[in-house]
Amino acid sequence: MRIPAHAVCTAIREDIVSGVFEPGSRLTEELLARRYGVSRVPVREALRTLESEGFVTTRRHAGACVAEPTEQEAADLLELRLLLEPLAAARAARRRTDGHLRVLRGLVRLGQERARRGQGEDLRSLGGWFHETLAQASGSPGLIALLTQMRHKVAWMYAVEAPARPVDSWAEHGAIVDAVARGDAERARALTAMHADRAAGAHRLRVRISQHAVNTASGPH
């Protein structure tokens, strides 16, 4: 059975994000094909996709390598997220479905319950699902794709400290859902911007940051 390139792409991306492949390390088609039990064709397609996403760069005489983001690129990533997440929340207030609301409210209930019990491990996953669902509720495929890509890159570049007061953090999630449910786009935008700005302070760089510009011969990412 032929494994599609998008599945190979997901596997390589996850290995980059988790640190299996460190920044600057070579990614040869032969090694990757053996690792994932596929031919070189889906590996080649996956590497092209990952290069367009900014996870991989091509170096002269070395071929494909894991990208080494600069400090400025890492900072830009958080700044872009601060702009896009509030936009997604505002659009969700106008376009969400009843199904989206049910999922969001369920996640808030679980998050508040786990926060009261001090179950931090669960909270990280619940928070990721919450923001993913909020993005889906925007009904904007391009925006959803951008936020998904950014979420992967943030997870790669940054370690995130748990909030000092997780109960307060989940109260903020609840207020965002209330605004989305009422169709109040501006309040949803403002609350999400405030929440994202506060969360940005908990991010600490964890990948090896390049001291020079990354090779951008393939174009901007």
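The model is predicted, so local features are reported only at pLDDT of at least 70 and side-chain atom pairs only at pLDDT 80 or more, while totals for chains, interfaces and linings use all residues. Residues are numbered from 1 along each chain as its sequence is written, and side-chain values use heavy atoms, with hydrogens and water left out. Helices (H or I, at least four residues) and strands (E, at least two) are DSSP runs, numbered from the N terminus.

**Helix H3**

- H3 has 14 residues, and its end C-alpha atoms lie 20 Å apart, in agreement with the 20 Å that it should span at 1.5 Å a residue; the expected span of a helix is 1.5 Å times one less than its number of residues.
- The buried residues of H3 are Pro42, Val43, Ala46, Leu47, Leu50, Glu51 and Glu53, where buried means under 20% relative accessible area, exposed over 50%, and partly exposed in between (1.4 Å probe, protein chains only).
- These buried residues pack against helix H1 (5–17), helix H2 (29–36), strand E1 (56–59), strand E2 (63–66) and H7, with contact meaning heavy atoms within 4.5 Å.
- Pro42, which is found in H3 (residues 40–53), has a relative accessible area of 2% and is therefore buried; Pro42 and Ile3 are 39 residues apart in sequence and 7.6 Å apart in space, C-alpha to C-alpha.

**Helix H9**

- H9 (residues 185–200) has 16 residues and reaches 22 Å from its first C-alpha to its last, close to the 22 Å expected at 1.5 Å a residue.
- Ala185, Ala188, Leu191, Thr192, His195, Ala196 and Ala200 are buried in H9.
- Seen down the axis of H9, the buried residues fall within an arc of 165°, so they line one face of the helix; the arc is that of the directions from the helix axis to the C-beta atoms.
- The cover over the buried residues of H9 includes helix H4 (71–95), helix H6 (120–136), helix H8 (166–182) and strand E4 (203–205).

**Pocket and cavity**

- On a 1 Å grid over the protein atoms alone, a cavity is a set of points where a 1.4 Å probe fits but cannot get out, and a pocket is an open set with protein on both sides within 12 Å along at least five of seven lines; lining residues have an atom within 4 Å of a point.
- The largest pocket holds about 1100 Å³ of space, and of the 40 residues that line the largest pocket, Arg124, Gly127, Gly128, His131 and Val160 are the closest to its centre.
- H4, H6, H7, strand E3 (158–160), H8 and H9 are the elements that give two or more residues to the lining of the largest pocket, and the largest share, 12 residues, comes from H6.
- The largest cavity has a volume of about 30 Å³, and its lining is formed by Glu132, Ala135, Gln136, Ile144, Leu147, Thr148 and Arg151.
- H6 and helix H7 (141–157) each supply at least two residues of the lining of the largest cavity, and H7 gives the most, with four residues.

**Backbone details**

- Gly54 follows H3 and has a positive phi, near 95°.
- His61 has a positive phi of about 70° although it is not a glycine, and its place is in the loop between E1 and E2.
- Most residues other than glycine have a negative phi.
- At 82% relative accessibility, His61 counts as exposed.

Definitions and conventions:
Points joined across faces, edges and corners; volume = space filled by probe spheres on them.
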